[in-house]
Amino acid sequence: MAMPARRLGGKKSKSLAGCGIFALIFMLLLGINMQEYKSIKKQVEASKNKSITPDNDRTEMEKNPDLSSTTVTSDEEDEDDKEILVVPEEGVEEEEKAAEEESEEEKEEEEKAAEEDKEVNWVESEHKDEDDEEENNENDVQEEEEEEAAEEKKKEQDNDQVENESVTTAVGDEAANKPAWWDSSKSTVIALAAGYGISTFEQFVGTLRATGYQGHIILGVAPDPASNIVDYFQKMNVIWKEVPISTGDSCTYPDFGEKCVAAYPDYKLSWGRFPLARDWLLECEECTGGVMLTDSRDAYFQTDPFSYPFGDKPMEELPAELLVFEEIPEQTTSHWLTAGPIGKCKKERLDGHPMLCSGSTMGTRKGILDYIDVMMEEFDNWKEEKDCRSDMVGDDQSIHNYLYYKQRFKNVASIPHRTGPIHIVGVQADQIFRATIKKAAEEGYGEDLAKAETFVNQQGYMHWGESKDTGTRPEDWRTWLPAEHELIDPETGFILNLDGKPSPQVHQFDRFGLMLGMPFLLNLVENGNSGGQQTEESFF
């Protein structure tokens, strides 16, 4: 037990001796000798000179439990004792702070390294994504090229199949590719032929069937046709529709409604054929191929009009469902037939455009139905306007041209003169006919132009020196037109298109005069379509 220091006997030596004895007893009581003291001192000094982290301190303390368990409480210890027993906290704190800063720096360096690694990985990932994208694009391009190649191959196969299924024209013409909508066997020829005799039907229907055409023929005829006409229609597989004609007050077309189709009394007679054709076509569910709307009295056929390939371009390559046909280039819309009615009605002119013939139009079923709808819409406009109404028979051609050049028709193509299945010969035929009459008169084949015209109508254009007697027909009828006109084939007598092929339909042929009528067409068409040999069965 420690005792407080006191002066004993008042002497300093005794007091010091007492203190030394007390200190010795105190150290013995603590169980520490000098040797242990020196060892501990050395360990403390070593710890001062070594830079360690707090973790090192804890590890060192864990290794020497005596460092943490040794305690000195005496107030009378010397300086060495104080150095040993009292740990300098300020130095340790500085070391711990330096160690923490070093640890923080290392941590920051590790985080920075991690960020750099992350950035590198991101860049590498981006490059990898770009590489993957480029590779995918290359694969897509390759797939597209393969698909295009497959489509091209399929198109070639389809074209080959179409070529294999092509139909040869009736005159031994080259095979012509035809689309499904231009299938001749499913096509339809429609005409209004009311009031005509058997000879007109023989010329129109007879020549058409002589070409080998097997499709539909629909004709509008006067009520109660003669028995010979009915028999002929049945023989030729013609669908005929009786068309009652009204007159007087029954016709409601303003001002000029003297005659009309009974079913459409508000249209003049020349307009009535359009709605009738629409009705007949809608009634014919089997009429799914091409359609021709045409005049009948002044038209005949040399080959199947639905087998004509437009030269090197087959029908399926035409960019339209409606085909309109141009007359000879010198005949333009400046002609009175279009300039007069359009100028009066619309207060404008369509000068200088190729004249389109409204008497013959072709197209798909849909194309023709759309065409008729547009024509009827304009008919309704014209009949309501006083300046548009007239008794002119041919103003449907004025409207036909006006609508085309105002781009009112849908999906339409204009076929240049003498290049398609319809050849409008009217203007050129009239020029040739008038020139021939003048020549006949000059050469003494008639006292005047009227008699010279009669001579040409009976004798024709050629072989006048063989016989001056009217009414005789030369044996070589194939050369009925002089070669200088470059219009016919002398081997067959057929009128030709510019490509040298027979014109399938010849329209306005009557402008050549009466020689191109029955029975001349009998020889022309039957022999021409039979290779020059008379057919066993007459189509007339």
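Two strands count as paired if DSSP finds at least two bridges between them; strands (E, at least two residues) and helices (H or I, at least four) are DSSP runs, numbered from the N terminus. The model here is predicted, so to speak of local features takes a pLDDT of at least 70, side-chain atom pairs count only at pLDDT 80 or more, and totals for chains, interfaces and linings use all residues. Residues are numbered from 1 along each chain as its sequence is written, and side-chain values use heavy atoms, with hydrogens and water left out.

Ala299 sits opposite His507 in S12. Both strands belong to an open, three-stranded sheet with mixed pairing, ordered S7-S12-S11. S7 (299–301) and S11 (422–424) are its edge strands, each pairing on one side only.

Overall, the protein has 15 helices and 12 strands. Of its 540 residues, 40% are buried (under 20% relative accessible area with a 1.4 Å probe, protein chains only; exposed is over 50%, partly exposed in between).

Two residues other than glycine have a positive phi. Most residues other than glycine have a negative phi. Gln508 has a phi of about 65° and is found in the loop between S12 and helix H15 (520–528); it is buried, at 9% relative accessible area. Asn411, with phi near 45°, lies in the loop between helix H12 (395–405) and strand S10 (412–415), and is partly exposed at 40%.
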